Amino acid sequence: MRWLAPIMLFLALLGATPAFAVQPDEILKDPVLEARARALSQELRCMVCQNQSIDDSDAPLARDLRILVRERLVAGDSDAQLTDFLVARYGEFVLLRPRLSWHTALLWSAPFVVVLIGAIGFVAAGRRARVAGAEHLSPEEEARVAALIERIE
Amino acid sequence: MIPELGHYCLVLALALALIQASVPMWGARVGDSTLMGVAGPAALAQFAFVAASFAALTWCYVASDFSVFNVFQNSHSAMPLIYKFTSVWGNHEGSMLLWVLILSLFGASVAAFGGNLPETLRADALAVQAWIAAAFYLFILVTSNPFLRLADAPFEGRDLNPILQDPGLAIHPPLLYLGYVGFSISFSFAIAALIEGRIDAAWARWVRPWALAAWLCLTLGIAMGSYWAYYELGWGGWWFWDPVENASLMPWLAGTALLHSAVVMEKRNALKIWTILLAILAFSLSLLGTFLVRSGVLTSVHTFASDPTRGVFILAILAVFIGGGFTLYAWRAPMLKQGGLFAPISREGALVFNNLFLTSACATVFVGTLYPLALEALTEEKISVGAPFFNFTFGPLLVPLLIAVPFGPLLAWKRGDVLGAAQRLMLAFALALVGLGVAFALQGGQPVLAPFGVALAVFVMIGALTDLSERLGLFRVPLGVTLARARGLPRSNFGTAVAHFAAGVVLLGVVAETAWNAERIATLKVGETISLRGYDFTLDGLIPRPGPNYREVAAHFTIRRDGVVIGVMEPSKRTFPQRAMSTTEAALMSRGVSQIYLSLGETSADGAVAVRLYHKPLVLLIWLGAVMMAFGGALSLSDRRLRVGAPKPARRKPALQPAE
């Protein structure tokens, strides 16, 4: 299965049985809680899939996790409490958006750092080119320019 | 016999590639035209042999020759004929063969159409192209031979993965590879230029058509893959930020940057060193993509370590070409003469801005994709970087880029007037504000960002048309004059306008789908009705149907709006006994550019079936926009100024040298 993935790109990677993720029987009665559950599910990784959230996955483990999320929400957990609970249980691997900490600092700062370095680089290169480009004319050229100007005047 | 012939053709292609890699380059060093002349015929013959090899494998599939291990693994005699063709590249070995087929096709095209290139540049570029080809022939022959035989031929094959049994497989991989591999040409030209230590505006003119062709194929390939995932996977997503998708997005971003910087190089002889870097980068990212998806490193660093032959081989190819390319660049680039000065506010400046944000976006995707792998390899710590991260970082990087798009073409070369450009964009600003207001009025409240996205999309679209209408003098001069001007205007101006307009179209589709998608999940029994956004869906019945190599259960739905029947939809589930797998076939109904999306879930014991219903407003704009963007590229490609060998006043003039 793994070696198939390349060709179709992501398709094959997403697993062999594309089907349903959230099942009708899982959905909570309270629409506000259900919306929270869906939003949270999209940020949680299905542990046995490749790069799929539990909201998208139809793996049994993802289903268990979806039900767990809903149970905790019904029990009154806040989003932060629930996330902490899941991280304690499964590790940071479960979060599709990694937390900002020392080992992800490079990851989170990458976009800003790259834009900054790029901007500095281009500005510096432009300045260098302008300095280098402002070449001075040789004495003969100066003389020719002067002669031309004289002729016009 | 046929598989052995195919195998042998590949060996011959390798031998030819080795000759093409060495003889012309030597010829270029000693100035021997005969030796340099070897490159052209060698490239053409190489293509002929790879094509023969590919045809041999295709024949094995079409004839269902299960004595060939690869065919046995990926085919079935009952499969429809089209899938017998497409399953040639529906597996690792065959897809690598497609990769080298396209690589040799590009090499042969340079040989066939590159008659106006300077002799040494042509010889060097074709030699570099042959190095790449030789490396990949060797990879196939050593680690991934598709022609291996089985001692006892089985009676039946194991069938192609059901997900791949779709017309998408016929189009998506070839287009994607045309894009990926197409960037090898700009890479080869860049390396050749570095070897020669000489580069000028003419270089950009020769390379731009190839880069443009590769870019437009890649655009279509990515769009096709996205649409395929959308209808096949059954939950209506169209982009998942999967590492494999990212692998195709990175060369696209670098390639888009390359196209823009090559314009500066061609027109103003500036940004030369940067353009060369982008040419190397675009193909390096294509190679990286090949490595990521081929090696298994994506699953985990540890799977990679447990079966390393293929991965290590590609890693070695990667190290040689990317490492070699950048080393050569670091050594040679400082010797290249920079030219063409410009003020920060100018057309060049706008294109630099474009390059800055495109490459930053590319770098963000790169870091996000590889960070978990690097972290795991270094610290054993496992983290996930998924869609939420990319949406959070990639989006903001594209906003300044898109705001700048309409300004670029309105600024003059060398020194531009940004206030003047802004004044000329008044209409675009005004219509963007109207878009903002309309979007707010229509949606009411949440999500707050969506109307701003709509405004930006309108700004980009109208801004793209502003440039064009100004050039044509639309509504200011008589229609006849406008038409005359339109005929006179270079195609590439139309291409730019269309592609930029398309960027706005894609954005509009993305914003609308993301913000206003409606979803309903329910369990239905026959005869029951559910509603979504004013559409009523009645389940009339479940129909079992036999297929050629699967069994199917389709659900027949009648769709009504205000009691009037507007159509039927038949989503289905297919079971493939050979692989004991099932797929969902979603049903789609287009209403303008919006779609209704219906897919089936499990059927319970009491005959109720789970269904997933979506209303996706303006979703088709995402792919229509991408196609439009590719069309813009095609328009630009058809510009006679870009056509290879176009500026040729007299045909038979052997001494004619390309303009320096």
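Begin by selecting E26(A) and R66(A), whose side chains form a salt bridge with the closest N and O atoms 2.7 Å apart. E26(A) is found in the loop between helix 2 (10–13) and helix 3 (31–41) of chain A, while R66(A) belongs to helix 4 (residues 60–74) of chain A, so the pair ties together parts that are 40 residues apart in sequence. With a relative accessibility of 6%, E26(A) counts as buried; R66(A), at 1%, counts as buried too. Please note that the model on display is a predicted one.

Next, select helix 3 of chain A. Its buried residues are L33(A), E34(A), A37(A), R38(A), L40(A) and S41(A). Viewed down the axis of helix 3 of chain A, these residues fall within an arc of 165 degrees, so they line one face of the helix. On the face turned away from that buried side, the exposed residues P31(A) and V32(A) can be found. To see what covers the buried residues of helix 3 of chain A, display helix 4 and helix 5 (79–90) of chain A together with strand 1 (518–524) and strand 10 of chain B, which are included in the cover.

Select E513(B) and K616(B), whose side chains meet in a salt bridge at 2.6 Å, N to O. E513(B) sits in helix 21 (residues 491–516) of chain B and K616(B) in strand 10 (residues 609–616) of chain B, so this pair ties together parts that are 103 residues apart in sequence. E513(B) is buried, having a relative accessible area of 7%, and K616(B) is buried with a value of 1%.

Another pair to select is R149(B) and D65(B), a salt bridge in which the closest N and O atoms are 3.7 Å apart. This pair links distant parts of the chain, 84 residues apart: R149(B) lies in the loop between helix 7 (119–143) and helix 8 (168–196) of chain B, and D65(B) in the loop between helix 3 (39–62) and helix 4 (69–74) of chain B. R149(B) is partly exposed, with a relative accessible area of 35%, whereas D65(B) is buried, with a relative accessible area of 18%.

For a group of linked residues, select R545(B), E552(B), E570(B), R574(B) and E585(B), which are joined in a network of salt bridges. Over all chains, the count of salt bridges comes to 27.

The tour now turns to helix packing. Select helix 11 (residues 272–295) and helix 13 (residues 309–332) of chain B, whose axes come within 9 Å and cross at roughly 170 degrees. Helix 11 of chain B and helix 13 of chain B are therefore roughly antiparallel to each other. The contact of these two helices has 16 nonpolar, 5 polar and 1 charged residues.

The final stops concern the backbone. Most residues other than glycine have a negative phi. W241(B) is in the loop between helix 9 (201–232) and helix 10 (243–268) of chain B, and at 7% relative accessibility W241(B) counts as buried. Then select E380(B), which also is not a glycine and has a positive phi of about 65 degrees. E380(B) is located in the loop between helix 14 (347–379) and helix 15 (387–404) of chain B; with 56% relative accessibility, E380(B) counts as exposed.

How values were computed
Residues numbered from 1 in each chain as written. Chains lettered and ligands numbered in written order. Predicted model: local features only at pLDDT ≥ 70, side-chain atom pairs only at ≥ 80, totals over all residues. Heavy atoms only, no water. Axes fitted to C-alpha atoms, helices over the stretch in contact; angles between N-to-C directions. Helix = DSSP H or I, 4+ residues; strand = E, 2+ residues; numbered from the N terminus. Parallel < 35°, antiparallel > 145°, perpendicular 65-115°, else oblique. Nonpolar A, V, L, I, M, F, W, Y, C, P; charged D, E, K, R; others polar. Salt bridge = Lys/Arg side-chain N within 4 Å of Asp/Glu carboxyl O. Buried < 20%, exposed > 50% of the residue type's maximum accessible area, 1.4 Å probe, protein only. Arc of directions from axis to C-beta. Contact = heavy atoms within 4.5 Å.
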